[in-house]
Amino acid sequence: MLKLIKVSVVSIICTFATQFAHSASVGEDAPSFRARSLDGSETISKSDLEGKVVFVDFWASWCPPCLKSLPEFENLQTSFSGRDDVVVIAINLDENVKDATDFINKINVSYKILADQSGQIPESFGVNTMPTSYVIDKSGVIRYVHNGYKTGDVSKIKNEIEKLL
């Protein structure tokens with residue numbers, strides 16, 4: 001019985017600790033990050049993106065809304081093609097990169113797909129909903145946070161990016 005009480009108390013503490021974990025918010029500097037592309041061909045860090053407006057989306061192959069949003073973000077990428085001051089990045093959180101690669105190979109995206117199997121990057125951003133996206137200004141400050149995904153969200157995100165150009 002005592003063991004059951006201890007487990008219950010630990011469970012309650014963990015639940016509350018997660019609820020009060022810091023989430024990166026509008027007006028704050030975006031956390032530093034460094035991740036390899038899904039295919040391992042390059043590494044990208046926050047410092048590589050200085051002077052650019054950056055859209056960062058956190059996704060996983062097991063997240064149904066994420067699987068709908070990724071092809072739509074290609075429209076976002078296309079609307080800013082030809083501009084070198086806007087970057088669209090999606091950071092995959094699958095523990096098994098093959099799961100992400102299998103999905104990406106089924107769709108046609110031209111934006112950068114990064115992998116973070118360790119989960120350190122979403123933890124530093126305080127991601128607690130999937131998908132979660134951030135628009136970061138040219139100075140590295142978060143200007144917009146978007147949780148979840150539904151049809152029509154890309155136009156809202158595009159508006160937020162355009163405000164920063």
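**Disulfide, helix pair and a proline**

Reply: A search of this whole structure, which is a predicted model, finds one disulfide.

Me: Which residues does the disulfide join?
Reply: A pair of cysteine sulfur atoms counts as a disulfide when they lie within 2.5 Å. Here the sulfur-to-sulfur distance is 2.3 Å, and the two residues joined are Cys-63 and Cys-66.

Me: Are Cys-63 and Cys-66 buried or exposed, and is their link left-handed or right-handed?
Reply: Under 20% relative accessible area counts as buried, and both Cys-63 and Cys-66 are buried. The angle about the S-S bond that links Cys-63 and Cys-66 is 80°, and the link is right-handed.

Me: How are helices H2 and H5 placed, roughly parallel or roughly antiparallel to each other?
Reply: The axes of H2, residues 64–79, and H5, residues 153–163, come within 10 Å and cross at roughly 30°. Angles under 35 degrees count as roughly parallel, and therefore H2 and H5 are roughly parallel to each other.

Me: Which residues make the contact of H2 with H5, and how do they divide by kind?
Reply: From H2 the contact takes Glu-72, Phe-73, Leu-76 and Ser-79, while H5 brings Val-154, Ile-157, Lys-158 and Ile-161. By kind, the residues of this contact of H2 with H5 are five nonpolar, one polar and two charged.

Me: Is the peptide bond from Met-130 to Pro-131 cis or trans?
Reply: Most peptide bonds are trans. Pro-131 lies in the loop between helix H4 (120–125) and strand S6 (132–136). The bond from Met-130 to Pro-131 has omega near -10°, and it is cis.

How values were computed. Residues numbered from 1 in each chain as written. Predicted model: local features only at pLDDT ≥ 70, side-chain atom pairs only at ≥ 80, totals over all residues. Heavy atoms only, no water. Axes fitted to C-alpha atoms, helices over the stretch in contact; angles between N-to-C directions. Helix = DSSP H or I, 4+ residues; strand = E, 2+ residues; numbered from the N terminus. Parallel < 35°, antiparallel > 145°, perpendicular 65-115°, else oblique. Contact = heavy atoms within 4.5 Å. Nonpolar A, V, L, I, M, F, W, Y, C, P; charged D, E, K, R; others polar. Buried < 20%, exposed > 50% of the residue type's maximum accessible area, 1.4 Å probe, protein only.
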